[in-house]
Amino acid sequence: MIALLLEGVSVLCLGTGIFLLVSGGVGLLRFPEVFSRMHAAGVTETLAASLILLGLMLLAGWGIVMFKLLLILLFILITSPTASHALAKSAVHGGLGVDPDRNETS
Amino acid sequence: MLTVVVIALLVVMVMALSRALLGPTIYDRILAVNVFGTKTVLLIAVVGFLFGRPDFLDIALVYALINFISVIGVLRYFEYSNDRHQGDNP
């Protein structure tokens, strides 16, 4: 019974992971500007990756495999924001930044 | 179910590659390479599950490490090359 439940929850996690993955990929292609693309890529990198890894963890059950998947998940959750921050900083430094005094509403 | 995940991962990797080719600025390309690397990590983990090889996860972990280091390295290069060209900011 428990195995069936775990299987169902992991299929659910993998399903939503796939949906977020593909929507982030489409966003990566269609967004007009670097920073909005970075946002779309951020969705796929953090949430979709953690959902898929969570689904795999549920499939694997207790053990060394789940521990390795947890390490990969923690590492991705720590490094992908750092990487996108460094990328945004160097993009702003490279002259792509939004002009601070030009506000959007006017 | 895992094959559907593998197919979705391959589709997103093709999207990232097309963004890398189309990307007007350098930062689009670096972003696309970063997304491609992260998706490769997931692909290795899922394929390891598909073929029943738990030792693939070590490869996925090492690949995640290398991917992060390479993105930071490339960014470090681009940030300083701009300084050499302009040379006027403080």
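Close-up 1. A search of the entire structure finds one cavity of 30 Å³ or more. Here a cavity is a set of points on a 1 Å grid, over the protein atoms alone, where a 1.4 Å probe fits but cannot get out. The largest cavity holds about 110 Å³ of space, a volume being the space filled by probe spheres set on the points. This is a predicted model, in which local features need pLDDT of at least 70, side-chain atom pairs count only at pLDDT 80 or more, and totals for chains, interfaces and linings use all residues. Residues are numbered from 1 along each chain, chains are lettered from A in the order in which they are written, and side-chain values use heavy atoms, without hydrogens and water.

**Close-up 2. Meet the lining of the largest cavity.** Lining residues have an atom within 4 Å of a point; among them are Glu45(A), Ile76(A), Asn34(B) and Phe68(B). Helix α3(A) gives the most to this lining, with four residues. (Helices are DSSP runs, H or I, of at least four residues, numbered from the N terminus.)

**Close-up 3. Helix α2(A) packs with helix α2(B).** The two helices, residues 34-60 of chain A and residues 26-50 of chain B, pack at an angle of about 10°, with axes 11 Å apart. Axes are lines fitted to C-alpha atoms over the stretch in contact, and angles run from 0 to 180 degrees between N-to-C directions. That makes α2(A) roughly parallel to α2(B), a label for angles under 35 degrees. Residues in contact (heavy atoms within 4.5 Å) include Ala41(A), Leu53(A), Leu31(B) and Phe49(B).

Key: Parallel < 35°, antiparallel > 145°, perpendicular 65-115°, else oblique. 1 Å grid on protein atoms, 1.4 Å probe; cavity = no way out; pocket = protein on both sides within 12 Å on 5 of 7 lines; lining within 4 Å.
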